[in-house]
Amino acid sequence: MELLSPRPCIGQIKSYRPARPPQDGAGWIDLSLTVNPLGAGQKALNAYRQVAMQIHRYPDWAQDNLRHAVAGRYELDADHITCSAGSDEMIHLVTQAFAGPGDEVLCHEHGYRGFLKAIRATGATPVVAAERDLTVDVEAMIDRANERTKICFLANPNNPTGTYIPIDCVQRLRAGLPSHTLLVLDAAYAEYCRRNNYSDGTELVENSDNVLMVRTFSKLHGLAGLRVGWAYGPKTVIDAINQVRGPFNVSIAAQAAAAAALIDTDHEEATHAHNSAWLPWLGHELEQIGVRVYPSVCNFILARIPTDPALGVQAVMDHLARRGVLVKCTQDYGLTDCLRITVGREDENRALVAALAEILN
Ligand SMILES: Cc1ncc(COP(=O)(O)O)c(C=O)c1O
């Protein structure tokens, strides 16, 4: 008798490793996920409460209100936008729409791991280009592309490194890739990156027929628990994603809260002010206790733990956990001696530094 088994590519997917056991929510200072320490804004919370009496209905399949809210906020064409249950779903949808067994999909060495999961799930082959100094190497990516490359994923800025490449490098990447390759720009942390030579890629989308930009409400907007993301791209690409996505993939509550979040400039400003103050503070304090910190344009820091044979990353994480602090181990990203630490509230940042200092000094 033949046994039931999933497709072989499914066995190659690495399981997600959370920093704490499921359902164990109590009392942790959780800096392991890159969420907004200020939570959601008042406008999103009010919109969420207001739709409570409608949750027996299915959501708007056309996502009209949310798409127009995104288009209005960023001056885009709403017909070129589609929304998803978090940007992770968008990454899966676009991979399903454009790649399959026999195809190759490009990503980068320390790039966001959601790409690998989506690629493997479709049965396509991931091709990983080396990075340089924990930063995307455009030439290395172009070198790895060929006639089978259907998608090239670029997380810009990237998680967990916190680094980014300037827009002229992204343009060079687009120009160097084959025209049949869709360049997917994952700009999950775009709102945090305030550098003159950075762009989320909107103009590149508008000036090409093979670039898609993917965004999320999980980070700056503080709506990770509602799961909302969106993509902006050529009509043919958006149509293909819409063919694949379930008609009701973004819930009523998620659509309403996300649309409201887009007009909550007070919350955005408060978030920026918080991050601008505490990201450098955290970097400075970590360096003071001997931790190497990489320059980050996001709301988290990649921290290299000093090499000490008696003290591995796991021992440091265990110590932090005993002090009630959770951080992300970056082993799955090929960064075995690093931790990713998200900027928390003031008390959380101070508790993290104090607990780290105890074990490192
Ligand atoms: C670079 C990047 N892309 C996409 C995501 C997925 O975010 P979400 O599915 O919550 O929108 C994350 C989440 O951490 C991320 O870091």
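**Salt bridges, a sheet and a charged patch**

Tutor: Glutamate 268 is buried, at a relative accessible area of 10%. Keep in mind that this is a predicted model.

Student: Which residue does glutamate 268 form a salt bridge with?

Tutor: Its partner is arginine 73, and the closest N and O atoms are 2.6 Å apart.

Student: Where in the chain do glutamate 268 and arginine 73 lie?

Tutor: In distant parts of the chain: glutamate 268 is in helix H11 (residues 265-288) and arginine 73 is in helix H3 (residues 64-74). They are 195 residues apart.

Student: How many salt bridges does the structure hold?

Tutor: The structure holds 14. One of them joins glutamate 104 to arginine 148, with the closest N and O atoms 2.7 Å apart. That pair also links distant parts of the chain, 44 residues apart. Glutamate 104 is in strand E3 (residues 104-108), while arginine 148 is in the loop between helix H6 and strand E7.

Student: Is glutamate 104 buried or exposed?

Tutor: Buried, at 11% relative accessibility. Arginine 148 is partly exposed, at 39%.

Student: What about arginine 350 and glutamate 346, where do they lie?

Tutor: Both are in helix H13 (residues 346-360), four residues apart, or about one turn of the helix. Arginine 350 is partly exposed at 42% relative accessibility, and glutamate 346 is partly exposed at 39%.

Student: Which residues are linked in a network of salt bridges?

Tutor: Glu191, Asp200 and Arg215.

Student: New topic. Which residues gather in the patch of negative charge on the surface?

Tutor: Asp77, Asp79, Glu203 and Glu206. Glutamate 203 sits in helix H8 (residues 202-206) and counts as exposed, at 58% relative accessibility.

Student: Now the open sheet. In what order do its four strands come?

Tutor: E11-E12-E15-E14, with antiparallel pairing.

Student: Which strands stand at the edges?

Tutor: E11 (292-293) and E14 (328-329). Each has a single partner strand, so one side of each has no neighbour in the sheet.

Student: How many bridges join strand E12 to strand E15?

Tutor: Five, between residues 300-304 of E12 and residues 338-342 of E15.

Student: What stands opposite alanine 303?

Tutor: Leucine 339, in E15.

Note on methods:
Residues numbered from 1 in each chain as written. Predicted model: local features only at pLDDT ≥ 70, side-chain atom pairs only at ≥ 80, totals over all residues. Heavy atoms only, no water. Pairing = 2+ DSSP bridges. Helix = DSSP H or I, 4+ residues; strand = E, 2+ residues; numbered from the N terminus. Patch = residues over 30% accessible without salt bridge, like charges linked within 9 Å, V, L, I, M, F, W, Y side chains within 5 Å. Areas by Shrake-Rupley, 256 points an atom, 1.4 Å probe, with all protein chains shown as cover. Salt bridge = Lys/Arg side-chain N within 4 Å of Asp/Glu carboxyl O. Lys, Arg positive; Asp, Glu negative; His and termini not counted. Charge placed at Lys NZ, Arg CZ, Asp CG, Glu CD. Buried < 20%, exposed > 50% of the residue type's maximum accessible area, 1.4 Å probe, protein only.
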